[in-house]
Amino acid sequence: MGEYEKNGIQLKGIQIKNIEELKEHFCIEEVLQYYNNKQLHIWLAEKGYSYVLWQVSNITSEKPDEIAKELLDIFQCEPDK
């Protein structure tokens, strides 16, 4: 069994270990949940992605569709099909 991550992120049922895996398995609905509960912020900080954390922390909109667009831009991902 793999090592449990206290502040881990799972996307599409896969434990995400790095930013490349996050992009590969990106699901906007799941990422939005992690954004809203601040788990995304914690994960980025723990993994040392300070610039991405800064970008995520500077999202000012409170509208889910605008937040989603900014997250897609930050992670350079396409919307879910």
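Q: How many disulfides does the structure hold?
A: First, some ground rules: this is a predicted model, where local features need pLDDT of at least 70, side-chain atom pairs count only at pLDDT 80 or more, and totals for chains, interfaces and linings use all residues. Residues are numbered from 1 along each chain as its sequence is written, and side-chain values use heavy atoms, with hydrogens and water left out. With a disulfide taken as a pair of cysteine sulfur atoms within 2.5 Å, the number of disulfides is zero.

Q: Which cysteine has the sulfur nearest to that of Cys27, and how far away is it?
A: Cys27 is in no disulfide. Cys27 is buried, because its relative accessible area is 13% (buried means under 20%, exposed over 50%, partly exposed in between, with a 1.4 Å probe and protein chains only). The nearest cysteine sulfur sits 11 Å away, in Cys77.

Q: At what angle do helix α2 and helix α5 pack?
A: Helices here are DSSP runs (H or I, at least four residues), strands are E runs of at least two, and both are numbered from the N terminus. Axes are lines fitted to C-alpha atoms, for helices over the stretch in contact, and angles run from 0 to 180 degrees between N-to-C directions. The axes of α2 (residues 28-36) and α5 (residues 64-74) are 10 Å apart, and the angle is about 105 degrees. That makes the two helices roughly perpendicular (under 35 degrees is roughly parallel, over 145 roughly antiparallel, 65 to 115 roughly perpendicular and the rest oblique).

Q: Which residues in α5 meet Ile28, Val31, Leu32 and Tyr35 in α2?
A: Contact means heavy atoms within 4.5 Å. On the α5 side of this contact are Pro64, Ile67, Ala68, Leu71 and Leu72.

Q: Which residues of helix α3 are buried?
A: Helix α3 covers residues 39-47. Its buried residues have cover that includes β1 (9-11), β2 (14-16), α1 (19-24), α2, α4 (50-57) and α5. Those buried residues are Gln39, Leu40, His41, Trp43 and Leu44.

Q: What is His41 in contact with, leaving aside its neighbours within four places in sequence?
A: His41 is in helix α3 and counts as buried, at 11% relative accessibility. With those neighbours left aside, its contacts are Tyr35, Leu53, Val56 and Ser57.

Q: How many residues apart in sequence are the parts that Phe26 and Phe75 tie together?
A: Rings of Phe, Tyr and Trp (its six-membered ring) pair if their centres lie within 6.5 Å; planes under 30 degrees apart count as stacked, over 60 as edge-to-face and the rest as tilted. The Phe26 and Phe75 rings are 5.9 Å apart at their centres with planes at 45 degrees, so this pair is tilted. Phe26 lies in the loop between α1 and α2 and Phe75 in the segment after α5, so the parts they tie together are apart in sequence by 49 residues.
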